[in-house]
Amino acid sequence: MQNYSCLKFQRDINEETLQELITLIKNGVKTYFFTYDPINPLLEDALIKKAVDKQFLFIYEMVFNEALKDDFSFYNGEVTEGILHILEEYTPNVRFNKEQYLVEHALVEQNISVSAGAGTGKTTIMINRIIFLKYKFPDMSLANLALITFTNKAAINMKEKLVDKLKAYFYFTNDFTYLRWLRELKQMFIGTIHSFGHEILKINQEHLFDRINLPISQFNFERKKIIEDVINNFHEINPQEFSRFKYIEQYKIVQAVEAIIEQINNYSIPINKVQQLDFGEDDDNSHVLYEYVVKESLQRLSEFKEKLEYMDVHDLIAKLDDLVTGSNELNIPYRYIFIDEFQDTDRQQTKFFSYLANHYPLNLFVVGDVKQSIYRFRGADYTAFDQLSTHISVDRHYHLQLNYRSNKELLSNFNELFSTWPRALRTFKYTEKDYLLPGVEKESINEEPMIINKTFSTKVKLTEFLREIEDTDTAILVRSNKEVNELSTLCEEKRIFFTSEQDGQFYRSVPVREFYQLIMRFTHPSLWRNRYLLHLSSYGDRTIEVAKMLEEFSPDRTIINRVFKNMDQKLEKYEQDFLHKGLFEIIHDIIQEINPAKVYAERYIADRITLYQEDKKQYLLDKAQIIQQEYDSNLNYLIYVLKTELANTVPTLYNLEKILRLKMHTDKSLSEIKLMSKDKKRLTIMTVHKAKGLEFDHVFIPRTDRLFHNFTKTEILINGNKIGYRTFIEKGKTYVNDHYQQLLREEKTENIGEEARLLYVALTRAKEKVFIDSPTHTNNHQIRNWGDLIAKGYTEQRDKALI
């Protein structure tokens with residue numbers, strides 16, 4: 001690779017232009033081409049078009065500027081910022097991204113910080129920078145680079161995009177160098193901060209541990225058992241103190257203690273510093289109980305893990321803190337460390353990365369957006385960029401503002417709205433450098449406003465609107481899983497075509513619930529409530545009408561014999577089969593005969609067919625087919641799981657019912673299978689946290705009147721070595737220590753800032769429009785909910801219009 005990139009200006013396109021560009025592409029030179037001539041003739045060439053699609057070639061049609069008269073070519077970023085500024089200003093339709101260019105070609109021996117607003121291409125810039133470093137140091141292995149992401153899903157996505165980029169280089173050049181880089185990619189670390197911590201500990205295992213392996217496991221069950229034992233010990237040691245709590249169910253105390261421990265883990269506090277935590281005082285002396293149980297439980301759990309020679313995921317970051325304060329010289333094989341979503345790191349993590357940059361010959365490349373810091377509840381600190389700047393020398397800080405997601409009018413609306421929030425919130429900043437600017441001049445199709453206010457006086461009105469948007473690429477974004485469940489239930493009841501992003505909802509899905517009703521039909525045949533639910537399910541005939549039941553109702557319950565007993569006769573014949581045939585053989589026969597997935601889809605069609613015009617009915621049939629396939633996939637997977645669970649025992653109906661009942665009540669490890677089709681648009685319901693990194697044509701934000709602060713929820717606050725708590729372990733009574741009261745005011749302020757950032761993330765997922773159920777004015781001086789934040793924007797815009 002002779003050159004990495006070429007920035008080429010040519011006033012007029014001539015006969016040689018096309019061949020020159022093709023030569024650059026085939027030599028693996030990423031090219032930025034600028035001209036005053038129309039560019040469409042160039043795009044007619046198949047290779048040129050392919051290179052543009054793969055972002056290997058960028059072609060810009062410029063507005064004339066007196067300063068650019070002579071043709072020029074600059075290679076590998078060696079161009080003045082003055083020329084770059086002109087190129088950016090005079091490419092109006094598709095703007096040249098000067099800032100991305102500068103980041104990509106920045107000096108290599110630098111610590112770089114990139115503030116990347118929503119939709120500005122932070123993933124792209126990290127991948128391009130990695131390729132640039134390989135160009136500058138061809139002998140450096142990709143194993144000497146580490147790329148840290150916030151989630152495993154993001155790590156997989158990043159690796160796939162790197163693979164695609166290297167494949168594109170090979171496609172255009174046929175240079176086997178890029179195949180070698182692809183092989184090297186297998187040795188490059190791409191993963192979460194916890195995985196990175198584990199990797200560092202494994203590399204330095206001989207110096208830090210006297211064990212062969214460093215296995216990671218979860219200890220939730222063991223932790224709970226230890227907490228119970230420590231509570232009993234406290235009772236024995238301090239009977240007088242415990243007498244205040246002896247009539248409280250132990251499980252409630254255990255839950256409160258676990259909540260405190262989870263927050264300690266979120267802040268990555270190592271065990272030696274746990275013992276220094278200050279629990280303050282409480283008039284009811286709950287601080288004495290909590291302090292003893294929390295500290296003793298964590299100490300015993302630490303000893304238990306040490307004895308087993310295991311760690312849990314929370315220990316990884318705490319161990320890194322030990323490395324920072326220790327005297328060991330570490331083996332750090334990385335020359336460059338890239339950190340994505342840096343705004344979501346906590347103080348311990350920031351301190352560790354700073355330590356590496358200060359003590360080892362490596363550079364950091366951190367990317368993120370303070371306005372998208374939404375994981376404070378996990379210990380993330382939105383001041384991470386500021387902290388890093390105080391710990392190390394950050395050589396260059398860049399701001400990416402060109403947004404490639406949303407249309408121009410929507411971005412303008414966003415900027416107007418977001419710029420009003422800092423006047424009401426000191427924890428949300430939105431300066432001119434934060435403004436989102438259109439990277440592509442995408443005009444809206446119609447003249448409707450881009451942020452549309454929607455209010456619903458009844459559930460019927462909401463349902464009507466959901467039906468309007470069910471066949472569109474619209475995301476309903478909410479603050480909590482509880483709200484996802486509420487809206488999902490409504491959509492299920494009203495047969496609305498949707499999908500929801502919910503972790504651990506497999507055992508609460510329709511196929512699983514209906515299958516359980518089927519099993520209960522045979523284990524508890526006289527449980528008439530279940531028999532009726534089964535009758536209404538996809539296994540039942542659904543012939544009995546509610547009106548008939550009410551008509552024949554009698555206090556002596558004879559209706560059961562007259563009506564219920566004859567329900568779903570087709571299942572009667574299977575009762576005797578369970579005595580002499582295999583369990584799963586009979587289940588297979590029932591599913592084959594009834595085909596519940598097909599029944600479910602047919603009823604979906606029957607419920608909706610009158611709502612569709614004749615020319616739209618095929619679309620309904622296509623949706624029903626997807627629904628049938630999803631039902632089938634989930635049911636088949638359930639049977640597979642149950643067979644696995646019963647593999648080491650004699651499978652019986654009663655064992656199966658017991659296992660399934662337990663899983664439906666406790667197992668949240670599996671997610672429902674949903675089929676995604678690019679051809680079929682579909683309403684999506686998810687939390688804002690799940691939506692981060694995604695984009696949709698439209699976003700709908702309902703229920704903006706829900707308060708930020710939940711006064712009936714256990715809350716643990718940590719600041720320095722102080723722990724504040726408010727717990728509900730006794731009916732009608734709240735246990736609150738003095739630290740909580742002191743920390744609460746600051747916590748409320750910080751929480752409102754977090755909620756503003758959450759709303760920022762929700763809104764900026766939209767490409768075309770936002771629908772929002774919110775008030776248009778507010779008299780509240782305080783920000784209590786998302787509605788107040790939206791109304792503040794409306795109020796200021798009206799005031800400006802009046803002026």
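**Exercise 1. Determine whether Y290 and Y725 are buried or exposed, and describe how their rings are arranged.**

Both Y290 and Y725 are buried, where buried means under 20% relative accessible area, exposed over 50% and partly exposed in between, with a 1.4 Å probe and protein chains only. The model is a predicted one, in which local features need pLDDT of at least 70 and side-chain atom pairs count only at pLDDT 80 or more, while totals for chains, interfaces and linings use all residues. Residues are numbered from 1 along each chain as its sequence is written, and side-chain values use heavy atoms, with hydrogens and water left out.

For the arrangement, begin with the criterion: rings of Phe, Tyr and Trp (its six-membered ring) pair if their centres lie within 6.5 Å, and planes under 30 degrees apart count as stacked, over 60 as edge-to-face and the rest as tilted. The ring centres of Y290 and Y725 are 4.9 Å apart and the planes stand at 85 degrees, so this pair is edge-to-face. Y290 belongs to helix α15 and Y725 to strand β19 (residues 722-730), so the pair ties together parts that are 435 residues apart in sequence. Helices (H or I, at least four residues) and strands (E, at least two) are DSSP runs, numbered from the N terminus.

**Exercise 2. Classify the ring pair of F245 and Y735, and state which parts of the chain it ties together.**

The structure holds 53 aromatic pairs. In the pair of F245 and Y735 the centres are 5.8 Å apart and the planes lie at 45 degrees, so the pair is tilted. F245 sits in the loop between α12 (239-242) and α13 (250-266), whereas Y735 is in strand β20 (residues 733-736), so parts that are 490 residues apart in sequence are tied together. Both F245 and Y735 are buried. Elsewhere, one aromatic cluster is formed by F414, F418, W421, F428, Y430, Y435 and Y760.

**Exercise 3. Work out how helices α11 and α15 cross, and which residues meet.**

The axes of α11 (residues 220-237) and α15 (residues 286-308) come within 9 Å and cross at roughly 130 degrees; axes are lines fitted to C-alpha atoms, for helices over the stretch in contact, and angles run from 0 to 180 degrees between N-to-C directions. The two helices, α11 and α15, are therefore oblique to each other, given that angles under 35 degrees count as roughly parallel, over 145 as roughly antiparallel, 65 to 115 as roughly perpendicular and the rest as oblique.

Residues of α11, including I226, I227, V230 and F234, meet residues of α15, among them Y292, V293, S297 and F304, contact meaning heavy atoms within 4.5 Å. I227, in helix α11, is buried with a relative accessible area of 0%. Leaving aside neighbours within four places in sequence, I227 is in contact with V254, V257, E258, I261, V293 and S297.

**Exercise 4. Describe the crossing of α22 and α29, and list the residues that make the contact.**

The axes of helix α22 (residues 510-523) and helix α29 (residues 617-645) come within 8 Å and cross at roughly 55 degrees. Helices α22 and α29 are therefore oblique to each other. On the α22 side the contact is made by V510, P511, V512, E514 and F515, and on the α29 side by Y631, N634, L635, L638, I639 and L642.
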